[in-house]
Amino acid sequence: MRSPRPYSPQAGPGAQSLTERRKAATQLDIARAACELFAEHGPDGTTAEDIAHRAGVALRTFYRYFRNKQEAVAPLLAGGGDAWRALLAEEDPGTPLDEALERAVTRSLSDSQAVEEGLQVTRGLLRAASTDEALRAVWYRVNQDSEERLVPVIARLAGEDADPLGVRLLAAAATDAIRISLELWSTTEAPVAGPGSPPELAVRCLRELTGSMPLLRRAGGTGPASA
């Protein structure tokens, strides 16, 4: 059975060409195969040839898209950032940023079977990354990319006169809140909902990291919402 995506990537602002859609589909097929094999055998027990065979593609096709076996999971991990940025982008400018961020984070980490199944896949990948330096590097790079893409989303919500430094700091804090919550959750047997779950931990991290940021107060936020 194919492993689900950790989260469902959202469509970008422009329509993709048929070639781009086929490329993305192939990358996801390879990424799912890599996740399956890492879960079954671990990164050390999995080769690029194994992943290509499981995905039904030639080895040269694998290397057309990925430099190594660990890189193959990047499209799955990146889907989480795609999903939550898309949810945040749905918020109206002028909405208190603390409310908008918490709402988007919570929605992106809950409320669907696909998300719950995907979180379990992410948990397995993060556990594997604890002993695989290359896999950890992919995880950190995906988070860095997500942070950079989050900046214009926050800037639009904060308004044209928002302090660029405040926008960058908020993007970094929000990204780290999700990253840290998933890393911590992956070391436990906590469920996907309720106490100790990713959405609960992410909101806690977000409040701790952003509670004193001037940008939230300036943009109409009232500080961390009551639990």
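**Charges, core and rings in a predicted model**

Me: In this predicted model, what makes Asp-132 a buried residue without a salt bridge?
Reply: Asp-132 is buried, and its nearest side chain of opposite charge, Lys-69, is 5.8 Å away. A salt bridge needs a side-chain nitrogen within 4 Å of a carboxyl oxygen, so Asp-132 has none.

Me: Where does Asp-132 lie, and which residues is Asp-132 in contact with, leaving aside neighbours within four places in sequence?
Reply: Asp-132 sits in the loop between α6 (113-129) and α7 (133-158). On those terms, Asp-132 is in contact with Pro-43, Asp-44 and Gln-70.

Me: Why does Glu-36 count as buried?
Reply: Glu-36, in helix α1 (residues 18-41), has 7% relative accessibility. Buried means under 20%, so Glu-36 counts as buried.

Me: What does the side chain of Glu-36 make a polar contact with?
Reply: The partner is the side chain of Arg-54, at 2.8 Å; the cut-off for a polar contact is within 3.5 Å.

Me: Why is the pair of Phe-62 and Phe-66 called tilted?
Reply: The ring centres are 5.8 Å apart, and pairing requires them within 6.5 Å. The planes stand at 50°, whereas stacked means under 30 degrees and edge-to-face over 60, so the pair is tilted.

Me: Which residues touch the most other members of the largest nonpolar core?
Reply: Val-73, Trp-84 and Leu-88 do, in a core of 64 residues. Helix α7 gives the most to this core, with 10 residues.

Definitions and conventions
Residues numbered from 1 in each chain as written. Predicted model: local features only at pLDDT ≥ 70, side-chain atom pairs only at ≥ 80, totals over all residues. Heavy atoms only, no water. Helix = DSSP H or I, 4+ residues; strand = E, 2+ residues; numbered from the N terminus. Buried < 20%, exposed > 50% of the residue type's maximum accessible area, 1.4 Å probe, protein only. Lys, Arg positive; Asp, Glu negative; His and termini not counted. Contact = heavy atoms within 4.5 Å. Polar contact = N/O pair within 3.5 Å; in protein donor to acceptor, adjacent residues only side chain to side chain. Core = buried A, V, L, I, M, F, W, Y, C linked by side-chain atoms within 4.5 Å. Phe/Tyr/Trp six-rings, centres within 6.5 Å; stacked < 30°, edge-to-face > 60°.
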